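Student: I have a structure to look at and some labels to understand. Can we go through them together?

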Amino acid sequence: MIQPSTKNVELSPPGNSSAMSPCTNGWVYSEHKDASIVSEWDLVCGKEVFSRLSQSILIAGQIFGGVIVTKLADQFGRRIPLIVSLIILSVVNLALALSTDIYVFIVLRLFTGFAQMAVLMIRTTMVMELYPTDSRRLTGSIYVTVWMMSTVILAPIAYFLRQQSWRILQYTLFGITAMSLCFVWVIDESLRWLHVNGKRADLVKILKRAARKNRIDLTAVLERLHMPNMEVDVNGDVSQTSSEKLPAQQCQKNNPGSLNNTNNAMFTFKDVIYNKHLMINFALLSWLWMTATSTYFSLYLTSNTLASDVYLNFVLNSVSDFPSGFLFWLLSDRLGRKKTFTIFYLMSGVGLLVSTLIKLVTANASWHILATVFAFVGRVFIGATFVSLLLFTTEVYPTNVRNIGLGINSTTGRIGSLLAPFTAILMKHMTWLPGVLMSSFCFLSALAVVLLPETKGTELPNTIQQVEDMYKRNRNKSSSGTEPNTSGENASKQTKETSI
């Protein structure tokens with residue numbers, strides 16, 4: 001931490017206060033020279049902007065990764081872009097540890113953000129596509145909880161290596177990323193993507209391997225999935241017969257939740273722009289993402305008073321995200337996705353607003369403790385909103401634009417994260433304004449959720465028509481006041497019976 005003073009200049013290890021004076025007599029570091037990129041490359045005085053620029057460049061890389069690679073994952077499948085992104089991330093993490101100067105470091109941070117966002121978007125889509133409807137809530141909750149655990153584990157690793165060069169920590173991150181490559185060979189392509197894009201033979205080969213490992217008859221599985229026209233020979237080769245084919249329209253009519261329902265599935269993100277309901281999804285989710293990220297990171301950047309030590313402070317901030325997965329699991333199926341999001345945004349807004357008002361009207365230390373509690377409540381619920389959005393966004397886009405839709409919506413959220421650092425500057429002039437603005441955004445978002453379709457109990461849509469059907473069911477529910485009879489619920493039951 002660097003703080004102004006009239007004494008000699010020094011930089012101290014994170015978590016300890018230090019003093020600093022203007023650059024008249026140069027800089028003396030109380031930490032070892034290679035403790036951080038700041039001390040190793042003297043990113044002080046006029047060079048201080050480079051340390052901040054490296055973070056902005058990382059976000060810029062995330063924006064590119066969220067748009068470019070996700071489009072490729074929709075076009076060429078999930079598995080190969082995921083593997084390539086993990087390889088890029090591993091190589092770049094190693095290259096960062098070998099950086100010779102800040103300029104090379106900044107360029108590599110661009111590629112770090114690029115690969116990082118690609119991995120996050122693709123793996124989220126694959127998790128949501130892998131499991132049947134009635135398992136998405138649990139698997140999604142476990143997924144985000146493991147993600148939060150990884151951020152908490154990072155702090156002890158950094159603390160243990162605090163006396164070492166920053167390059168040692170970077171080598172450690174490279175090792176963790178490289179280990180993940182050991183698991184990609186057991187990851188199959190998304191069955192849903194294979195089917196929607198007409199790659200039936202590849203799909204059945206995966207089903208055959210899974211059926212063999214689980215000692216299940218493949219023919220029975222294919223019949224359950226309404227694919228009896230796929231033949232499997234003794235060598236395991238698969239082919240599709242023409243005598244038993246049903247027209248796509250008839251399959252859709254007989255069984256809307258079946259794998260044969262790929263009618264009108266071949267389209268691109270351009271179709272999202274020209275379709276009314278898909279465009280509503282895109283616009284509203286972009287706003288919700290921007291609100292969640294700006295509020296989340298604003299609270300994160302202004303909550304450095306939880307602990308005086310930077311490592312402990314990081315752990316406490318990360319732990320506040322742990323309830324996210326549990327809250328999503330507890331409420332999303334019981335109340336529905338829309339009501340859950342409404343509660344999350346309202347609680348976030350109330351927590352922020354009450355905290356701001358308490359700090360504004362009184363300087364009493366006891367009341368400020370209460371203000372911190374309300375701010376923490378807002379932090380917990382906006383964290384739950386953030387990770388729940390990651391899962392919900394995959395449920396409202398058809399398969400062939402699911403990745404790009406999630407990527408672009410997440411990218412618009414990065415606009416919020418770019419604005420977040422300015423809240424700390426704004427607080428110096430008007431301490432109440434950031435809290436009022438963020439809480440207002442949360443209240444508006446709670447209203448915007450009403451316009452989105454309910455995805456509780458529905459199968460992931462494969463086509464634009466299935467998205468239209470979600471809106472139609474919502475209209476029927478609003479007019480009748482009863483729970484809609486979703487075809488996805490029946491489909492999910494059938495899928496569960498044949499889970500392999």
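Tutor: Start with a term: buried means under 20% relative accessible area, exposed means over 50%, and partly exposed lies in between (1.4 Å probe, protein chains only). This is a predicted model: local features need pLDDT of at least 70, side-chain atom pairs count only at pLDDT 80 or more, and totals for chains, interfaces and linings use all residues. Residues are numbered from 1 along each chain as its sequence is written, and side-chain values use heavy atoms, without hydrogens and water.

Student: Why is F386 called buried?

Tutor: F386 has 9% relative accessibility, so it counts as buried. Y296 has 10%, so Y296 is buried too.

Student: What makes Y296 and F386 a stacked pair?

Tutor: Rings of Phe, Tyr and Trp (its six-membered ring) pair if their centres lie within 6.5 Å; planes under 30 degrees apart are stacked, over 60 edge-to-face, the rest tilted. Here the centres are 5.1 Å apart and the planes at 15°, so the pair is stacked.

Student: Why is the pair of W41 and W166 called edge-to-face?

Tutor: Their ring centres are 5.7 Å apart and their planes at 70°, so the pair is edge-to-face. W41, F105 and W166 form one aromatic cluster.

Student: How do you know that the charged end of R379 sits over the ring of Y296?

Tutor: A charge sits over a ring if NZ of Lys or CZ of Arg is within 6 Å of the ring centre and within 35 degrees of the ring normal. For R379, the distance to the centre of the Y296 ring is 4.7 Å. Likewise, R334 lies over the face of W329, at 5.4 Å from the ring centre.
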